[in-house]
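Visitor: I would like to learn how to read this model. Please take me through it one feature at a time.

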Amino acid sequence: MRAMEIIKQKMVEMKNQNEKLSSENADLSDRVQTLSKSYEELIIENENLAKELKELTKSSQNTEDELTARINILKEDLHEADKRADNSERQVVYLLKRVQQQEDLVAAYMEDYKGTGQFIDDSMNELIDI
């Protein structure tokens, strides 16, 4: 009889142990499902981030290409402006030389006029004296 009680007690302990393990197994199963769901969500989020990174990289490359093209256009514009400035400077130098030539010519005419004017004045005075 004592053996039956020991067996019964062992069966109750095993039943309690089994219930405890079943409960722990259910908890672990829930945790595995939760972790699996979280893992799937992380995979989806990672894929979305990878797509976004790819788009940003493409956009960044386009922006960089656009900026490079704009810089090249500005460099060409600056080069053309430098050429025009050089041409303008040469034109100004040429015009200054022409102005100097005109001033010299006017001064020569003025000298000639003074001489001619004096000749006319002298001639008039002589005519008046006669």
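Guide: Start with a pair of side chains. E80 forms a salt bridge with K83, and their closest N and O atoms are 3.7 Å apart. The term salt bridge requires a side-chain nitrogen of Lys or Arg within 4 Å of a carboxyl oxygen of Asp or Glu. Side chains of opposite charge can pair when their charged atoms come close.

Visitor: How far apart are E80 and K83 in helix α1?

Guide: They are three residues apart in helix α1, so about one helical turn separates E80 and K83. Helices are DSSP runs (H or I, at least four residues), strands are E runs of at least two, and both are numbered from the N terminus. This is a predicted model: local features need pLDDT of at least 70, side-chain atom pairs count only at pLDDT 80 or more, and totals for chains, interfaces and linings use all residues. Residues are numbered from 1 along each chain as its sequence is written, and side-chain values use heavy atoms, leaving out hydrogens and water.

Visitor: Are E80 and K83 exposed or partly exposed?

Guide: Buried means under 20% relative accessible area, exposed over 50%, and partly exposed in between (1.4 Å probe, protein chains only). E80 is partly exposed at 37%. K83 is partly exposed at 40%.

Visitor: How many salt bridges does the structure hold?

Guide: Two. E13 and K10 also meet in a salt bridge, at 4.0 Å from N to O. E13 and K10 sit three residues apart in helix α1, so about one helical turn separates them. E13 is partly exposed at 39% relative accessibility, and K10 is partly exposed at 48%.

Visitor: Is M11 buried or exposed?

Guide: M11 counts as exposed, because its relative accessibility is 55%. Across the 130 residues of the protein chain, 1% count as buried.
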